[in-house]
Amino acid sequence: MIVWLNGAFGAGKTTVARELVDFLPGSTFYDPALVGDGLRMMLPRKRLDEVSDYQDLPSWRRLVVDTGAALIAETGGPLVVPMTVLRQEYRDEIFGGFAARRIPVRHVLLHTDETILRERIAEREAVPGDADAIESVRRWCLDHLAPYRSALTWLVDDAYVVDTTGLTPRRTAEHIADAVREGAGGCDIVQTPEPRAETVAAGVLLFDEDDRVLLVDPTYKPGWEFPGGVVESGEPPTHAGVREVVEELGLRPTEPLRLLVIDWEQPCPPGYGGLRLLFDGGRLTTEAARDVLLPASELRGWRFVTEDEAAELLPPVRLSRLRWALRAREQGRPLYLEAGTPAG
């Protein structure tokens, strides 16, 4: 199990985490900041200059999961993790990675009145004796107060909130331990095992009466997606597409699925790539759309979007696939793509 302590920079997560280890027998303190420190020493300066925060490095997010899984395998007990994560897509990627390894996460938010938080930041001495380093850390904490306030819109719904304004670190840790034992902070994320070979996946495009396409927001990976999933062994891709629509939306397409795109996705370690199929699932009436029912462990939202709106939500590879699928739908013939580009 992972007990992930989130909160503003300077909220006292590390101090509380070290106290919490005393209240959770067999637990181990795990600081993902050490992973960031290691990457700073190993990555080329050119790559580091491209990001302002090591959390923006895909390697950091993956290594946080891999290292956590290795520590649990080594120690056998819970990990207490103090780390601020304010971008929801990063939370999805990291927590989804743990879920894929069958490691449950308890998400706890340490929230403090901002006046008190600013006082704590002003008194913080991260590097005693180094005035420049102390000022740099304080400035970092203050600069991230606004992003923290913005992130509260999703954090308070995702995590178990502990108001630490009037609590000591020891009392906070005791409260968290009691809450965790009672199941607080549980993140019910679908456990999707990571592929171990090339896969075939079937996605289904559903349209509204204005020809906008339906996208879904997964809880276990960053970015929006089309309804669909991996084709199981021995399963026809069209059956997989229908099955996924039923499981994810609670709807059954009323029209036979029509192939729009076959896209060969290039292996890109640690991914294996494979074939990605997109089908036209037809239109949903306004009445049918009202019956959409999402599995909370897998999807947190859905919406109909225009092609331009999809560009703000989809990762580049999925956006390219969508755009060619829409062209294929207009032309009335399927397209074959390789790495998101028509071949031949």
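These questions and answers cover cores, ring pairs and contacts in a predicted model.

User: How many residues does the largest nonpolar core have?
Analyst: Strand S1 (2–7), helix H2 (33–42), helix H4 (58–75), strand S3 (79–82) and helix H5 (88–100) each supply at least two residues of this core. Residues with the most contacts inside the core include Ile-2, Trp-4 and Met-83. The residue count of the largest nonpolar core is 28.

User: Which residues does Ile-94 touch, leaving out those up to four places away in sequence?
Analyst: Ile-94 is among the residues with the most contacts inside the largest nonpolar core. Trp-4 and Trp-60 are also on that list. Beyond four places in sequence, Ile-94 touches Trp-4, Trp-60, Arg-61, Val-64 and Val-65.

User: How many residues are in the second, separate core?
Analyst: The second core is separate and includes Val-213, Leu-260, Leu-322 and Leu-337. Its residue count is 20.

User: Is the pair of Tyr-54 and Trp-60 stacked, tilted or edge-to-face?
Analyst: The structure holds three aromatic pairs. In this one, the ring centres are 5.5 Å apart and the planes meet at 45°. Stacked needs planes under 30 degrees apart, and edge-to-face needs over 60.

User: What is the distance from Arg-329 to the ring centre of Phe-207?
Analyst: Two arginines can be described here. Arg-18 lies over the face of Phe-29, at 4.0 Å from the ring centre. The charged end of Arg-329 sits over the ring of Phe-207, and its distance from the centre is 3.6 Å.

User: Is Gly-203 buried or exposed?
Analyst: Gly-203 lies in strand S6 (residues 199–207). Its relative accessibility is 8%. The cut-off for buried is under 20%, so Gly-203 counts as buried.

User: How far apart in space are Gly-203 and Leu-278, C-alpha to C-alpha?
Analyst: In sequence, Gly-203 and Leu-278 are 75 residues apart. The C-alpha to C-alpha distance between Gly-203 and Leu-278 is 4.7 Å.

Key
Residues numbered from 1 in each chain as written. Predicted model: local features only at pLDDT ≥ 70, side-chain atom pairs only at ≥ 80, totals over all residues. Heavy atoms only, no water. Core = buried A, V, L, I, M, F, W, Y, C linked by side-chain atoms within 4.5 Å. Buried < 20%, exposed > 50% of the residue type's maximum accessible area, 1.4 Å probe, protein only. Helix = DSSP H or I, 4+ residues; strand = E, 2+ residues; numbered from the N terminus. Contact = heavy atoms within 4.5 Å. Phe/Tyr/Trp six-rings, centres within 6.5 Å; stacked < 30°, edge-to-face > 60°. Lys NZ or Arg CZ within 6 Å of the ring centre and 35° of its normal.
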